[in-house]
Amino acid sequence: MDMKQHCVKLSVQPSRGLVDEKFTVLVQNLLPGFQLTFHALHQCEDGHSWEAFAHYTADTTGTVNVSQDPSLDGTYSGVEPMGLLWSLRPVPGSKSGLRMRKKNVQTPMVVTISVYQGHQMEGFLDRVLLASVVVERWYMAPGVRRVPITDGKLTATLFLPSGPGPFPGLLDLWGNGGKLVEYRAALLASHGIASMALDYLTPQITKETGKIVDNDYFETAYRVLEQHPQILGSRIAMLGLSFGTSVTLRMAVYSQVVKLSCAVCISGSHVQPIGGSVEEILAYFKKNADKTRFDENKQVIWRDLLLPIPTDPSLKVDMGRLQCPLMLVVGEDDQNWPSYESAMDMKEMMERAGNSHLLTVLSYKNAGHLIEPPFMPFARASTFKTVTNPPTKVMALWGGELVAHSRAQEDAWRKTLVFLRENLYGSMKHGA
Amino acid sequence: MSHTGPPVVSVHPSRAMVDEAFKVQVENLPPGSPVTLHSLHQSEDKDYWEAFGHYVSDHRGTVSVADDLSCGGTYTGKEAMGLLWSMRPVPGSREGLRLRKLNVCIPQLVNISVYSGHVGGGFREQDPLASALTERWYMAPGVRRIDIKEKGVRGTLFIPHGPGPFPGLLDMWGGGGGLLEYRAALLASHGYASMALEYFNPAEVNTAELELNYFETAFNIVRDHPQVMSDRVGLFGLSLGSIVSISLAALSSVVKPCCCVCISGNHTHARGGTIGGVFNEFFKNLHKVRMDENKYEIWRGMGLPIPDDISQKVDVGKISCPILLVNGDDDQNWPTVECAEDMAQMMRAAGNEHLLTRLEYPDAGHLIEPPYSPHFRATKFIKDGQKVILLWGGTTKPHSDAQEDSWKKILAFLQQNMYSSSGPRAKL
């Protein structure tokens with residue numbers, strides 16, 4: 001049955017939201033039982049187009065509410081309020097191995113959500129478009145300030161929350177890909193935590209001297225936070241993903257300077273030669289490079305480089321000495337790091353040492369390595385450029401399955417925010 | 001020593017349309033502590049506007065403006081949006097100020113802060129415990145803004161995002177003149193291709209000569225736009241804009257509006273059919289203008305008694321589309337409720353009263369704006385090249401309720417008459 005175009009009313013609320021906020025997608029004024037397709041389209045900063053789509057049938061009131069009604073088919077199915085975002089994937093014909101990461105956090109991610117007549121699988125451009133809205137997704141809340149940091153030879157960006165402060169602080173570390181990745185720190189600042197994104201593998205100082213930074217670089221970053229007039233020096237956390245976990249655990253346990261209120265470690269491991277430099281940790285991984293495997297698509301699996309988890313205590317951070325609350329977030333299908341096995345070993349070490357009450361482990365079945373803020377598209381594998389000299393480009397297998405991984409991201413982020421809020425904003429607890 | 005961290009103010013959503021409600025919360029306060037929630041906005045004219053409410057945190061140290069009672073300030077009681085609608089110029093400001101967004105492409109910024117204790121003033125001289133900035137937008141993402149300068153008509157057209165075509169609206173403000181875009185931008189954000197029309201400039205004498213055909217031309221510019229449904233174009237007016245709308249709906253042989261929304265209007269007929277003619281009718285009764293104790297001008301007397309002579313009134317019996325009248329019964333600028341009653345009688349006699357819906361709000365004034373706007377009880381106005389202050393009327397809380405309620409009903413009326421597949425219907 002043909003629907004009169006002008007009658008259809010599509011709305012997305014909020015039309016301007018933070019990237020971790022849910023929205024409600026509603027279509028009204030349809031004929032009861034009308035078949036339609038929702039289509040989401042986003043052009044990322046690199047110029048690639050990403051899309052998601054889902055088939056719905058209007059109810060007896062002529063309405064479809066994506067938060068309540070099931071998708072029958074498409075890039076997601078079932079009742080999935082945010083499916084139009086997390087199931088976004090590169091349009092047919094795109095380059096392989098793409099990963100969506102916002103570089104400029106001061107502008108929003110813009111998504112166009114449209115409604116088409118009938119159940120379309122592809123070829124949207126020549127179908128009957130009934131209505132369309134534009135939605136903005138922001139990493140920065142109003143009033144959040146972005147402050148580039150160059151003191152102490154750091155390459156970093158500090159995000160200060162809205163308001164006079166002072167605020168709790170956080171050092172935010174990404175992994176082996178290097179570069180200065182700001183979006184998670186911007187989002188954390190939007191939640192009231194003054195967060196510094198730190199480039200520690202490819203900072204200016206390394207480019208100039210050719211030397212990888214060491215412990216003092218991180219201690220300097222910590223000090224910048226601690227001494228900042230708008231940051232509470234006694235309430236500083238660290239959050240690390242992948243190799244960022246290695247750094248976080250090392251600092252949390254061994255540094256005389258870094259005194260953390262809490263730490264969050266995502267998809268990482270405590271396995272590293274202790275007492276050595278950061279460069280020596282990287283060399284240790286490289287030594288085991290022969291354990292690299294490839295799947296049937298020639299995608300690189302690096303999880304075995306640190307397996308089996310060593311029994312030699314000089315090759316693991318001494319978790320028994322940890323004195324602050326720690327949250328570990330791991331995907332059980334992580335193909336890049338043995339994060340699950342590491343988490344289990346860390347738990348055992350802490351149980352033996354008597355400090356396991358500090359530990360929370362969030363472990364997700366069928367989730368992969370890249371556990372990021374929620375509602376962002378999933379990449380089971382993507383091109384990865386190493387920071388070695390010379391760099392190599394591979395297709396890294398991260399692991400995970402779309403739906404389980406997306407659920408894991410949502411759950412882990414929510415729990416991470418609660419954990420950080422409790423430890424940074426709540427009553428001060430010192431030590432074990 | 002164990003102690004909690006700093007309090008946190010959150011506003012959700014942090015970026016919203018101006019007619020969307022928000023939730024303001026403060027967390028991590030000591031339990032049972034008296035605090036003041038404060039809002040601050042600096043207008044495009046650089047004036048400061050503020051509102052505040054007095055609260056006491058609960059046992060968890062939380063204040064939720066949507067759920068808790070304000071026991072003092074510029075508003076009291078359970079008022080989720082009180083920090084916006086009860087805003088007024090800060091002490092020491094110029095008299096007769098009115099808040100009107102001129103640049104609708106950027107948001108209105110409001111800073112929401114929490115202060116310790118129950119504070120009544122001097123907010124700029126002390127540090128808040130915490131604050132959060134929130135954005136209030138007149139334009140949804142994707143709405144397009146187009147300058148219109150054709151066939152002698154001046155205006156701004158706002159087109160919703162999407163394939164269209166969309167129902168259209170001609171949006172007209174009142175005798176203050178100029179080009180005010182904000183309501184048209186907001187209506188476009190709700191799916192109506194809306195043109196804010198510039199038609200009167202108190203400083204330009206010749207705009208008073210504008211006749212009905214200027215408005216007919218403007219209406220047709222909207223109607224003929226490729227993304228507008230030519231059989232679904234309506235009229236939206238306030239004050240003088242309502243008079244124009246009523247005249248067009250009843251008298252024009254050229255334009256056929258799909259429906260009309262008329263806020264604080266009347267059915268004064270202009271001899272000679274010009275805007276100047278309308279003012280001439282008003283000012284025939286200049287001697288009936290009164291002044292209140294502040295020397296603010298009360299014009300409502302000029303409209304009373306409603307003339308019996310039908311040649312002085314627009315023949316509303318000729319209106320053939322649904323029409324919604326929105327008025328406040330404390331309107332000190334014009335006896336709009338009495339006029340609405342007279343219009344109803346005329347339409348009853350003509351047999352088209354089924355097209356009329358009247359909304360009348362107790363203690364609301366003349367300037368019924370989109371919801372959560374501050375209440376403008378008396379503001380500066382240029383009359384005959386002179387700066388005076390006109391009393392618009394209304395009491396803040398009932399006036400704000402009227403703005404909120406009427407907007408909801410206006411949107412429902414527009415939706416019914418312009419979007420519904422079964423076509424226009426008379427009553428809501």
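These legends walk through several close-up views of a predicted model.

**View 1. Where chain B meets chain A.** Welcome to the interface, where 38 residues of chain B are in contact with 38 residues of chain A. Between them the two chains bury about 2900 Å², with 55% of that on carbon and sulfur atoms. On the chain B side, Arg15(B), Pro141(B) and Tyr419(B) lose the most area to chain A, together 24% of what that side buries. Nine residue pairs are in polar contact between chain B and chain A, while the count of salt bridges across this interface is zero.

**View 2. The side of chain B that touches chain A.** Which elements of chain B each supply at least two residues here? They are strand E1 (8-12), strand E2 (15-17), strand E9 (130-137), strand E14 (228-238) and helix H7 (396-419). The largest share, seven residues, comes from E9(B). By residue type, this side of chain B divides into 17 nonpolar, 17 polar and four charged residues.

**View 3. The largest nonpolar core and another apart from it.** The largest nonpolar core has 129 residues, and those with the most contacts inside it are Leu37(B), Met195(B), Leu197(B), Tyr199(B) and Leu414(B). Helix H7(B) gives the most to this core, with eight residues. Another core, of 76 residues, lies apart from it, and its members include Leu85(A), Leu98(A), Trp138(A) and Leu188(A).

**View 4. Helix H5 of chain B under cover.** Helix H5 spans residues 275-283 of chain B and is mostly covered, with seven of its nine residues buried. The buried residues are Ile275(B), Gly276(B), Gly277(B), Val278(B), Phe279(B), Glu281(B) and Phe282(B). What covers them includes two other helices of chain B, H3 (212-223) and H4 (240-251).

View 5. Asp342(B) has its place in helix H6 (residues 336-350) of chain B. Is Asp342(B) buried or exposed? Asp342(B) counts as buried because its relative accessibility is 14%, under the 20% cut-off. Not counting residues up to four places away in sequence, Asp342(B) touches His267(B), Ile306(B) and Lys313(B).

**View 6. Two salt bridges in chain A.** Over all chains, the structure holds 37 salt bridges. In one of them, Lys102(A) pairs with Glu45(A), and the closest N and O atoms are 3.1 Å apart. Lys102(A) sits in the loop between strands E8 (89-90) and E9 (109-117) of chain A, and Glu45(A) in the loop between strands E4 (35-43) and E5 (49-57), so this pair ties together parts that are 57 residues apart in sequence. Lys102(A) is buried at 12% relative accessible area, whereas Glu45(A) is partly exposed at 39%. Arg293(A) and Asp304(A) form another salt bridge, at 2.4 Å from N to O. Here Arg293(A) is partly exposed, at 38%, and Asp304(A) is buried, at 17%.

**View 7. A salt bridge in chain B between distant parts.** The side chains of Glu369(B) and Arg98(B) meet in a salt bridge, 3.4 Å from N to O. Glu369(B) lies in the loop between strands E19 (356-361) and E20 (378-383) of chain B, and Arg98(B) in the loop between strands E7 (88-89) and E8 (108-116), 271 residues apart. Glu369(B) is buried, with 3% relative accessibility, and Arg98(B) is buried too, with 19%.

Note on methods
Residues are numbered from 1 along each chain as its sequence is written. Chains are lettered from A and ligands numbered from 1 in the order in which they are written. This is a predicted model: local features need pLDDT of at least 70, side-chain atom pairs count only at pLDDT 80 or more; totals for chains, interfaces and linings use all residues. Side-chain values use heavy atoms; hydrogens and water are left out. Contact means heavy atoms within 4.5 Å. Buried area is the accessible area (1.4 Å probe) that two parts lose on being put together, summed over both. A salt bridge is a side-chain nitrogen of Lys or Arg within 4 Å of a carboxyl oxygen of Asp or Glu. A polar contact is a pair of N or O atoms within 3.5 Å; within protein, one must be able to donate a hydrogen and the other to accept it, and residues adjacent in sequence count only if both atoms are side-chain atoms. Helices (H or I, at least four residues) and strands (E, at least two) are DSSP runs, numbered from the N terminus. Ala, Val, Leu, Ile, Met, Phe, Trp, Tyr, Cys and Pro count as nonpolar, Asp, Glu, Lys and Arg as charged, and the others, Gly among them, as polar. Buried means under 20% relative accessible area, exposed over 50%, partly exposed in between (1.4 Å probe, protein chains only). A nonpolar core is a set of buried Ala, Val, Leu, Ile, Met, Phe, Trp, Tyr and Cys residues joined through side-chain atoms within 4.5 Å.
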